2 protein chains.
Amino acid sequence: MSILVVGSMAFDSVETPAGKREKALGGSANYFSISASYYTDVKLVAVVGQDFPQEHIQFLSSRGIDTSGLQVVNGDTFHWAGHYMNDLNEAETTATYLNVFADFDPTLPESYQEVNTVFLANIDPELQLKVLEQVKNPKLVAMDSMNFWIHSKKDALLNVLKKVNMVFVNDKEAELLSGEKNVVRAAKKIQQMGPSTVVIKRGEYGALLFSGDDMAFTPAMPLEDVIDPTGAGDTFAGGFLGLADREGEDFKGQVDGDLIRRCLITGTTMSSYVVQGFSFDKTKELNANLILNRWSAIKALSDVKDDLRISG
Amino acid sequence: MSILVVGSMAFDSVETPAGKREKALGGSANYFSISASYYTDVKLVAVVGQDFPQEHIQFLSSRGIDTSGLQVVNGDTFHWAGHYMNDLNEAETTATYLNVFADFDPTLPESYQEVNTVFLANIDPELQLKVLEQVKNPKLVAMDSMNFWIHSKKDALLNVLKKVNMVFVNDKEAELLSGEKNVVRAAKKIQQMGPSTVVIKRGEYGALLFSGDDMAFTPAMPLEDVIDPTGAGDTFAGGFLGLADREGEDFKGQVDGDLIRRCLITGTTMSSYVVQGFSFDKTKELNANLILNRWSAIKALSDVKDDLRISG
């Protein structure tokens with residue numbers, strides 16, 4: 001089993017009510033890979049400039065992540081700047097410097113072409129397509145996106161949607177994509193666009209999943225201190241898909257409802273750590289025990305043994 | 001086992017994106033009683049004018065609700081008008097006609113004084129106190145309130161809070177009461193004001209409970225058609241406390257975590273029906289089978305059998 005991710009490696013300049021960081025390590029493929037690496041083998045496709053710290057690439061390798069698809073080219077690494085001031089559930093972008101990302105032409109090493117699972121992280125949908133065309137016969141293809149692409153490249157995005165089994169969106173993206181304010185109707189409309197499974201990320205309110213006719217939900221871990229939500233969505237997808245890749249059968253066929261619910265908790269567990277620090281501060285401290293404890297705490301929030309007795 | 005509720009019986013004029021209703025039946029004690037009546041014996045304390053329909057009082061009686069504490073006096077019944085236009089999670093009040101409520105002096109029939117559980121629904125905290133003083137030795141006292149009383153009668157409200165075991169608030173009320181935007185910190189501050197158990201109602205996002213150091217959560221039932229959220233909070237409290245009254249031991253001592261989680265699902269089940277119609281339209285159609293099916297569907301959203309396996 002292994003999972004291929006294409007997305008961004010970035011420097012993030014972030015301001016939140018808890019403070020600010022200039023050019024901290026970030027990027028969707030980066031957050032995703034590290035999270036998924038706790039569950040399965042990860043193959044990374046991305047581009048960085050020569051300013052990207054070698055020690056971080058070593059950190060990825062130390063987590064067993066295959067970086068042979070990581071291009072290092074002349075120029076500066078992609079740089080995103082944004083802040084979360086009034087609402088920790090949504091970032092406001094203040095600047096985007098594409099830099100080396102502007103000419104990114106993803107080419108997969110041969111060893112990447114036979115992966116089980118593909119995650120098309122939030123990048124230009126035309127690049128997502130280009131990567132997907134190079135993979136031979138994946139069992140599960142999932143994607144993420146954002147309002148920027150829904151506005152600017154909707155046709156290409158709809159084209160990718162047709163080819164995936166699963167999409168991760170937040171509440172607002174679901175509304176934007178479907179034209180429906182109601183979350184159930186929005187998810188059903190998105191299912192009709194292609195993916196049989198739609199995961200709606202609702203920030204501190206948890207994540208709601210629609211898979212065929214099944215619905216599943218996990219609450220977010222209630223936390224006293226949320227430092228920086230950057231990367232939470234990709235970290236969530238990393239935990240979710242990492243476990244799905246390791247334990248799942250073909251997602252195009254019958255989906256195991258219990259596995260899906262464990263995937264939701266696993267994604268939530270991983271993202272609950274990343275938000276407790278800037279960048280990878282907290283993720284770097286993770287180990288199996290911490291993960292298991294948090295996982296059990298999230299499961300326990302809604303774990304009911306007995307049933308309701310009622311007559312009449 | 002029995003539960004005493006004091007609150008309002010009302011006419012509600014409501015407008016939602018789904019339509020509008022003039023002077024439909026409503027009121028916190030009304031919604032609460034009917035919901036709780038599926039689980040335990042309910043004794044109602046409230047006041048109505050002579051314009052209140054006799055057939056509705058008969059409906060309450062047909063549900064086994066004790067209405068001997070319902071005062072029928074000269075004048076018009078309390079009348080609330082409001083709308084939910086942009087956000088189904090929050091009502092905007094456009095008019096409040098206190099009418100007979102202005103001179104309401106709740107006096108409990110003797111048969112009401114030895115109840116097990118008390119629910120002080122959203123009314124003037126001075127009236128809540130007056131009722132509580134007349135109850136002899138309740139095992140569980142819970143209260144609701146709203147922003148209006150937090151602003152206008154905070155001292156009286158804090159006084160009631162000191163005397164209750166449990167409080168139901170929504171997100172915004174929790175913030176207003178505690179001065180904390182973060183929900184965990186808000187709940188902890190409210191616990192310090194008196195109640196060991198704080199239930200934070202988050203509308204379509206579910207309900208989060210803090211009881212001592214335990215946290216529990218239930219998602220709301222994802223619904224395609226929410227017609228009118230009026231009464232959802234009181235209906236939720238009715239299901240929650242109805243089951244707690246029937247199955248709970250002393251809430252001041254050790255709280256049964258599984259029961260608390262079943263109470264959360266039960267409250268959510270009941271409120272998921274009330275919002276699917278105006279007034280009591282949907283509640284009137286309820287029966288044990290419908291309740292059990294919805295209950296199981298909500299439980300299934302987050303029901304995970306297996307655990308996470310992870311090494312390292």
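Modeller: The helices α6(A) and α7(A) cross in a left-handed manner; that is, the near helix is turned anticlockwise from the far one by less than a right angle, clockwise being right-handed. The model is predicted, with local features requiring pLDDT of at least 70 and side-chain atom pairs pLDDT 80 or more, while totals for chains, interfaces and linings use all residues. Residues are numbered from 1 along each chain as its sequence is written, and chains are lettered from A and ligands numbered from 1 in the order of writing.

In chain A, α6 spans residues 171-178 and α7 residues 183-192 (helices are DSSP runs of H or I, at least four residues, and strands of E, at least two, numbered from the N terminus). Their axes, lines fitted to C-alpha atoms over the stretch in contact, come within 9 Å and cross at roughly 60° (angles run from 0 to 180 degrees between N-to-C directions).

From α6(A), Asp171(A), Ala174(A), Glu175(A), Leu177(A) and Ser178(A) meet Val183(A), Ala186(A), Ala187(A), Lys189(A) and Ile190(A) of α7(A) (contact requires C-beta atoms, placed from the backbone, within 7 Å). By class, six of these residues are nonpolar, one is polar and three are charged (Ala, Val, Leu, Ile, Met, Phe, Trp, Tyr, Cys and Pro are nonpolar; Asp, Glu, Lys and Arg charged; the others, including Gly, polar).

The contact between the chains takes 38 residues from chain A and 37 from chain B. In chain B, α7 (183-192) is among the elements supplying at least two residues to the side that touches chain A.

Conventions. Two residues are in contact if their C-beta atoms, placed from the backbone, lie within 7 Å.
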